[in-house]
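User: Could you walk me through how to read helix packing in a model? I would like the general idea and then the case at hand.

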Amino acid sequence: MIQAAGWVGGQQLMTRPLSNDLRERVVAAVRNGESCRTVASRFGVAVSSVVKWSQRYRTTGSVSPSKMGGYRKPVLDPHRAFILERIRQTPHLTLHGLKDELAARGVKVSHNAVWLFLRREDLRFKKNTVRA
C-alpha cells in the first residue's frame with residue numbers, strides 16, 4: 001500500500017511507500033498465524049498489501065520496497081543522425097511529419113517523444129506563417 005502525500009501549492013506530491021517498521025510488524029503477525037484479513041484490519045492497510053509484503057518476505061527475506069521510478073534511455077537516440085539530417089534537408093518539417101517518417105522506417109513513437117528529443121538536442125523552433 002502506498003501512502004498518499006497530499007497536495008501542496010496546487011501540485012500533488014509524490015507518494016512514498018509505507019514504513020519498513022509497519023511492514024515488518026504486519027509480516028510478523030502473518031508469520032505468527034494470523035490471517036491476512038485480520039492483520040490488514042488491525043493495522044489499517046489493504047489485504048493486498050499484507051499478501052504482497054508476505055510474499056516479498058518469503059522470496060527475498062526482506063519487506064523493503066523495490067526502487068521506485070528510474071531512468072529510461074530515450075528511444076530516438078539511435079536515430080539521431082537520421083533525424084538531424086532530415087531537419088537539415090527540410091527545415092520546415094513538422095513534428096508530425098517527422099514522426100510519420102520515423103514510422104515509415106519502423107520506429108513507432110509518439111508526437112511527444114519526437115518533441116522531447118528535439119528539445120534535448122536544442123532544436124526548438126516555432127512555425128510562423130508570417131515569416132518566409
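**Reading helix packing**

Analyst: Happy to! In this predicted model, helix 1 and helix 3 are roughly perpendicular to each other. In general, two packed helices are described by the angle between their axes and the distance between the axes. Here helix 1 (residues 20–31) and helix 3 (residues 47–60) meet at about 85°, and their axes lie 9 Å apart. That angle counts as roughly perpendicular because the class runs from 65 to 115 degrees.

User: Which residues of helix 1 and helix 3 make the contact?

Analyst: Helix 1 contributes Arg23, Val26, Val27, Val30 and Arg31, while helix 3 brings Val50, Trp53, Ser54 and Tyr57. By type, the residues of this contact divide into 6 nonpolar, 1 polar and 2 charged.

User: Let's stay with helix 1. What is its span from first C-alpha to last, and what is expected?

Analyst: Helix 1 has 12 residues and reaches 16 Å between those two atoms, close to the 16 Å expected at 1.5 Å a residue.

User: Which residues of helix 1 are buried, and where do they fall when seen down the axis?

Analyst: Buried here means under 20% relative accessible area. The buried residues of helix 1 are Leu22, Arg23, Val26, Val27, Ala29 and Val30. Viewed down the axis, they fall within an arc of 155°, so they line one face of helix 1. Their cover includes strand 4 (16–17), helix 2 (36–43) and helix 3.

User: How far apart are Arg58 and Val27, in sequence and in space?

Analyst: They are 31 residues apart in sequence, and the C-alpha to C-alpha distance is 9.7 Å. Val27 is one of the buried residues of helix 1, whereas Arg58 is exposed.

Methods:
Residues are numbered from 1 along each chain as its sequence is written. This is a predicted model: local features need pLDDT of at least 70, side-chain atom pairs count only at pLDDT 80 or more; totals for chains, interfaces and linings use all residues. Side-chain values use heavy atoms; hydrogens and water are left out. Axes are lines fitted to C-alpha atoms, for helices over the stretch in contact, and angles run from 0 to 180 degrees between N-to-C directions. Helices (H or I, at least four residues) and strands (E, at least two) are DSSP runs, numbered from the N terminus. Angles under 35 degrees count as roughly parallel, over 145 as roughly antiparallel, 65 to 115 as roughly perpendicular and the rest as oblique. Contact means heavy atoms within 4.5 Å. Ala, Val, Leu, Ile, Met, Phe, Trp, Tyr, Cys and Pro count as nonpolar, Asp, Glu, Lys and Arg as charged, and the others, Gly among them, as polar. The expected span of a helix is 1.5 Å times one less than its number of residues. Buried means under 20% relative accessible area, exposed over 50%, partly exposed in between (1.4 Å probe, protein chains only). The arc is that of the directions from the helix axis to the C-beta atoms.
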